[in-house]
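User: I would like to learn how to read aromatic ring pairs. Can you take me through them on a case?

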Amino acid sequence: MKRFLLAIAFVAVPVFADSRIKTLFYNPDRVVSIDGHRAVQTMIEFGADERIENIALGDSAAWQVTPNKRANLIFVKPLIPRARSNMTVVTDKRRYLFDLHNDERSRIIYSLRFVYPDEPKVELIDEPVAAKTSSPEVAPAPPALNTNWQSKGDSKLIPARVYDDGASTFIAWADTSELPAVLTMGADGSEGPVNFAIKGDYLIVEGVAPRYVLRLGKATAILTNLSPRAAHPVAPSPQSTMSESAK
């Protein structure tokens with residue numbers, strides 16, 4: 001009898017949630033505030049059934065944002081004091097808006113995850129398909145791929161494959177749970193942000209730059225485009241970011 005009562009008392013003990021773990025109801029029109037702290041990264045967890053397609057940062061020089069390989073998590077960390085920016089995340093199901101600011105006085109958040117309301121089911125109605133009278137379309141020829149890229153630096157950042165099609169740069173790693181930040185590198189060593197997306201195993205960078213620098217913590221690697229057409233690169237848009245993952 002005593003053992004039975006002891007078991008009941010043990011089960012009844014309340015479990016208090018850790019204040020550093022935050023859960024929010026998803027609202028596409030809500031701007032979510034992220035308070036960053038130096039030397040502390042915040043993990044943002046999206047739905048298990050969705051994958052990140054694009055990440056756009058207002059100032060990627062002040063914030064480091066890296067997705068996991070499965071593309072359902074991102075890790076956010078400020079790089080400079082008083083950093084302030086915004087971030088947009090687009091997945092294959094939803095979009096998210098964030099306000100990022102470095103406030104050492106605010107409560108540290110280790111993890112932020114979303115709870116999603118039930119989505120209404122849409123009933124599909126079959127409609128008759130009109131007969132096609134035009135001639136069948138001919139698929140365009142695939143663009144020529146440039147695989148003439150050189151990789152140097154920390155071995156854990158060296159990609160298994162890198163190539164471009166003249167409009168985008170495709171990068172894939174053999175095995176990594178955390179992808180590096182990708183930045184363009186100018187002839188003078190200056191670095192700039194990029195727009196990117198994750199499709200399958202590839203991190204796809206918008207545009208083709210002569211050189212990219214990969215950063216993960218203190219580790220770095222350089223990707224150099226050795227193709228003759230690298231002298232006339234396709235530049236990414238000026239309002240850029242750090243974007244997706246490669247899985």
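**Reading the aromatic pairs**

Analyst: The count here comes to 13 aromatic pairs. Keep in mind that this is a predicted model.

User: What describes a pair of aromatic rings?

Analyst: The distance of the centres and the angle of the planes describe it. Take phenylalanine 46 and phenylalanine 114: their pair is stacked, at 6.2 Å centre to centre and 10° between the planes.

User: Which parts does the pair of phenylalanine 46 and phenylalanine 114 tie together?

Analyst: Phenylalanine 46 sits in the loop between β3 (42-45) and β4 (52-57), and phenylalanine 114 in strand β9 (residues 111-115), so the pair joins parts 68 residues apart in sequence.

User: Is phenylalanine 114 buried or exposed?

Analyst: Phenylalanine 114 is buried, because its relative accessible area is 10% and the cut-off is under 20%. Phenylalanine 46 is buried too, at 4%.

User: How is the pair of tyrosine 96 and phenylalanine 114 arranged?

Analyst: That pair is tilted, with 5.0 Å centre to centre and 50° between the planes. Tyrosine 96 belongs to strand β8 and phenylalanine 114 to strand β9, so this pair ties parts 18 residues apart in sequence.

User: Which residues do ring pairs link into a cluster?

Analyst: The cluster holds Tyr26, Phe46, Tyr96, Phe98, Phe114 and Tyr116. Arginine 94 lies over the face of tyrosine 116, 3.9 Å from the ring centre. Its charged end also sits over the ring of tyrosine 26, 5.8 Å from the centre.

User: How much space lies in the largest cavity?

Analyst: About 50 Å³. Its lining includes Tyr26, Tyr96 and Phe114. Strand β8 (residues 95-102) gives the most to that lining, three residues.

Notes
Residues numbered from 1 in each chain as written. Predicted model: local features only at pLDDT ≥ 70, side-chain atom pairs only at ≥ 80, totals over all residues. Heavy atoms only, no water. 1 Å grid on protein atoms, 1.4 Å probe; cavity = no way out; pocket = protein on both sides within 12 Å on 5 of 7 lines; lining within 4 Å. Points joined across faces, edges and corners; volume = space filled by probe spheres on them. Helix = DSSP H or I, 4+ residues; strand = E, 2+ residues; numbered from the N terminus. Phe/Tyr/Trp six-rings, centres within 6.5 Å; stacked < 30°, edge-to-face > 60°. Buried < 20%, exposed > 50% of the residue type's maximum accessible area, 1.4 Å probe, protein only. Lys NZ or Arg CZ within 6 Å of the ring centre and 35° of its normal.
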